[in-house]
Amino acid sequence: MRISFVIPAFNEANWIEACIGHIDAAVTDCRSMRAAPFATEIIVVDNNSSDNTAELAEAAGAQVVFEPVNQISRA
């Protein structure tokens, strides 16, 4: 089983690391309660941010995908 977390993000440099950290903590808690292992991935969709959201997300371990059109539904 694979669980994917997709985070649409636009100029979220102040929050993206904490968001990814909370997901990591929740996954760790779930893994400790389950006998069956599962794989996870965190994907941040950078919606043409003008700050360093993408760099911070990548440094925190997320895969970053770029969406150039500023629209939440596209991200």
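Me: In which strand does D46 lie?
Reply: This is a predicted model, in which local features need pLDDT of at least 70, side-chain atom pairs count only at pLDDT 80 or more, and totals for chains, interfaces and linings use all residues. Residues are numbered from 1 along each chain as its sequence is written, and side-chain values use heavy atoms, with hydrogens and water left out. Helices (H or I, at least four residues) and strands (E, at least two) are DSSP runs, numbered from the N terminus. In these terms, D46 belongs to strand 2.

Me: Which residue in strand 3 is the bridge partner of D46?
Reply: Strand 2 and strand 3 (residues 63-66) run parallel and are joined by 4 bridges; two strands pair if DSSP finds at least two bridges between them. Within strand 3, the bridge partner of D46 is F66.

Me: Which side chain of opposite charge is nearest to D46?
Reply: D46 is buried, where buried means under 20% relative accessible area, exposed over 50%, and partly exposed in between (1.4 Å probe, protein chains only). Lys and Arg count as positive and Asp and Glu as negative, while His and the chain ends are not counted.

Me: With which side chain does that of D46 make a polar contact?
Reply: A polar contact is a pair of N or O atoms within 3.5 Å; within protein, one must be able to donate a hydrogen and the other to accept it, and residues adjacent in sequence count only if both atoms are side-chain atoms. The side chain of D46 makes such a contact, at 2.5 Å, with the side chain of S49.

Me: The backbone nitrogen of which residue does the side chain of N47 reach?
Reply: N47 is found in the loop between strand 2 and helix 2. Its relative accessibility is 5%, so N47 counts as buried. At 3.0 Å, its side chain reaches the backbone nitrogen of Q71.

Me: What unit do strand 2, helix 2 and strand 3 make?
Reply: The elements of the chain, from the N terminus on, run β-α-β-α-β. A crossover is right-handed if, with the strands pointing away from the viewer, the path from the first strand over the helix to the second runs clockwise. Strand 2, helix 2 (residues 53-59) and strand 3 make a right-handed β-α-β unit.

Me: How many residues apart in sequence are the parts that E41 and R2 tie together?
Reply: E41 forms a salt bridge with R2, with the closest N and O atoms 3.5 Å apart. E41 is partly exposed at 22%, whereas R2 is exposed at 52%. Because E41 lies in strand 2 (residues 39-46) and R2 in strand 1 (residues 2-9), the separation of the parts they tie together is 39 residues.

Me: With which residue does E67 form a salt bridge?
Reply: The whole structure holds 2 salt bridges. The closest N and O atoms are 3.2 Å apart, and the partner of E67 is R74.

Me: How many disulfides does the structure hold?
Reply: A disulfide is a pair of cysteine sulfur atoms within 2.5 Å. For C19, the nearest cysteine sulfur is that of C30, 15 Å away. The number of disulfides in the structure is 0.

How values were computed
A salt bridge is a side-chain nitrogen of Lys or Arg within 4 Å of a carboxyl oxygen of Asp or Glu.
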